[in-house]
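Hi,

Here is the structure I promised to send over. Have a look at it first, and then read on for what I found in it.

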Amino acid sequence: MDDEVEAALRRAAGVIREAEGLMAFTGAGISVESGIPPFRGPGGVWGRYDPSLLEIGRFRADPAASWAAIREIFYASFGKAEPNAAHRVLASWEGEGLLGFLVTQNIDGLHRKAGSRRLAEFHGAMDLLLCERCGERLAASADLLGSLPPRCPSCGGLLKPDFVFFGEAIPREAYRASFASAEEAGACLVVGSTGTVYPAAELPLAVKRRGGVLIEIDPGTTEFSGLADVRIPLGASEALTRLDALLKS
């Protein structure tokens with residue numbers, strides 16, 4: 001098995017070296033090693049919380065109930081996480097010119113913390129709060145989250161995390177930049193995504209349809225697995241660290 005994995009890593013390194021434009025697409029699996037649980041599957045967030053609490057209509061109808069879960073899930077737990085080796089490798093590849101653009105489904109902000117700048121956070125990010133009344137964006141802080149639901153200090157309007165709730169549209173600029181990258185990329189590196197959440201999951205498929213190469217890193221089987229030209233069945237940090245070493249050898 002290890003010989004097969006090593007061969008897959010070497011094929012992937014060759015694709016990355018030769019690709020005319022590499023984009024990366026990351027999902028919850030890349031952040032698991034940072035202590036952030038996935039939303040779906042065994043041990044997932046939705047096994048412990050009612051996902052309807054993050055429906056935009058319910059949030060607006062009963063913000064106190066939604067915010068009680070939001071604070072516990074995202075700010076008491078996720079907010080303590082730090083980037084892991086996988087996040088840092090992708091950030092370093094951007095700096096070295098290997099990686100042209102990164103699209104993440106994650107709202108944890110760990111790619112930015114690791115140093116990624118050519119980045120679209122497709123579903124938004126949790127470290128900002130958005131006022132539903134005046135549109136002001138504020139850094140999430142213990143003071144603002146001390147009483148629920150939090151209110152805008154400028155106008156008193158309801159604050160919501162600046163990420164996409166069920167029933168909300170993808171932010172326009174993130175959508176535009178992500179699909180523009182998919183139209184230009186010669187290869188797409190998919191890391192830790194199940195491929196079940198749309199329209200985000202359409203991005204690697206768009207690269208594949210144009211004749212681009214699809215590389216998947218995931219220890220389990222996903223919706224992308226049968227389409228991948230190269231599949232590396234490892235966790236994100238191990239796979240990307242080993243790929244990085246091959247690219248530097």
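Keep in mind that this is a predicted model. Setting aside neighbours within four places in sequence, Val 89 has contacts with Leu 240, Thr 241 and Asp 244. There is also a C-alpha pair to look at: Val 89 and Ser 237 are 148 residues apart along the chain, yet their C-alpha atoms are separated by 8.4 Å.

On to the sheets. One of them is open and has six strands, ordered β3-β2-β1-β7-β8-β9, with parallel pairing. At its edges are β3 (119-121) and β9 (230-232), each of which pairs on one side only. From one strand to the next, the twist averages 15°.

Some details from inside that sheet:

- Strand β1 (residues 22-26) pairs with β7 in the parallel sense, over five bridges. Met 23 has Cys 188 in β7 as its bridge partner.
- β7 and β8 also run parallel and are joined by five bridges. Here Val 190 has Glu 216 in β8 as its bridge partner.
- Strand β8 (residues 213-217) is mostly covered, with four of its five residues buried.

Which helices pack here? Helix α1 packs on the sheet and touches β1, β7, β8 and β9, its direction making about 125° with that of β9. Helix α6 (residues 172-184) lies across β1, β2 (101-104) and β3, and runs at about 130° to β2.

The other sheet is open as well: three strands in the order β5-β4-β6, with antiparallel pairing. β5 and β6 are the edge strands, each pairing on one side only. The twist in this one averages 45° from one strand to the next. Strand β4 (residues 124-131) pairs with β6 in the antiparallel sense over four bridges, and Leu 129 stands opposite Pro 161 in β6. Helix α3 (residues 63-75) packs on this sheet, where it touches β4 and β6, and its direction makes about 40° with that of β6.

Back to α1, now for its helix partner. The axes of α1 (residues 2-18) and α8 (residues 236-248) come within 9 Å and cross at roughly 60°, so the two helices are oblique to each other. The crossing is right-handed. On the α1 side the contact includes Val 5, Leu 9, Ala 13 and Ile 16, among others, and on the α8 side Ala 239, Leu 243 and Leu 247 are among the residues they meet. How does the contact of α1 with α8 divide by residue type? Nine residues are nonpolar, none polar and five charged.

- Leu 148 and Pro 149 are joined by a cis peptide bond with omega about -5°. Pro 149 is in the loop between β5 (137-139) and β6 (159-163).
- Tyr 198 and Pro 199 are joined by a cis peptide bond with omega about 10°. Pro 199 is in the loop between β7 (187-191) and α7 (202-209).

Cheers

Note on methods. Residues numbered from 1 in each chain as written. Predicted model: local features only at pLDDT ≥ 70, side-chain atom pairs only at ≥ 80, totals over all residues. Heavy atoms only, no water. Axes fitted to C-alpha atoms, helices over the stretch in contact; angles between N-to-C directions. Parallel < 35°, antiparallel > 145°, perpendicular 65-115°, else oblique. Left-handed = near helix turned anticlockwise from the far one by under 90°. Contact = heavy atoms within 4.5 Å. Nonpolar A, V, L, I, M, F, W, Y, C, P; charged D, E, K, R; others polar. Pairing = 2+ DSSP bridges. Buried < 20%, exposed > 50% of the residue type's maximum accessible area, 1.4 Å probe, protein only.
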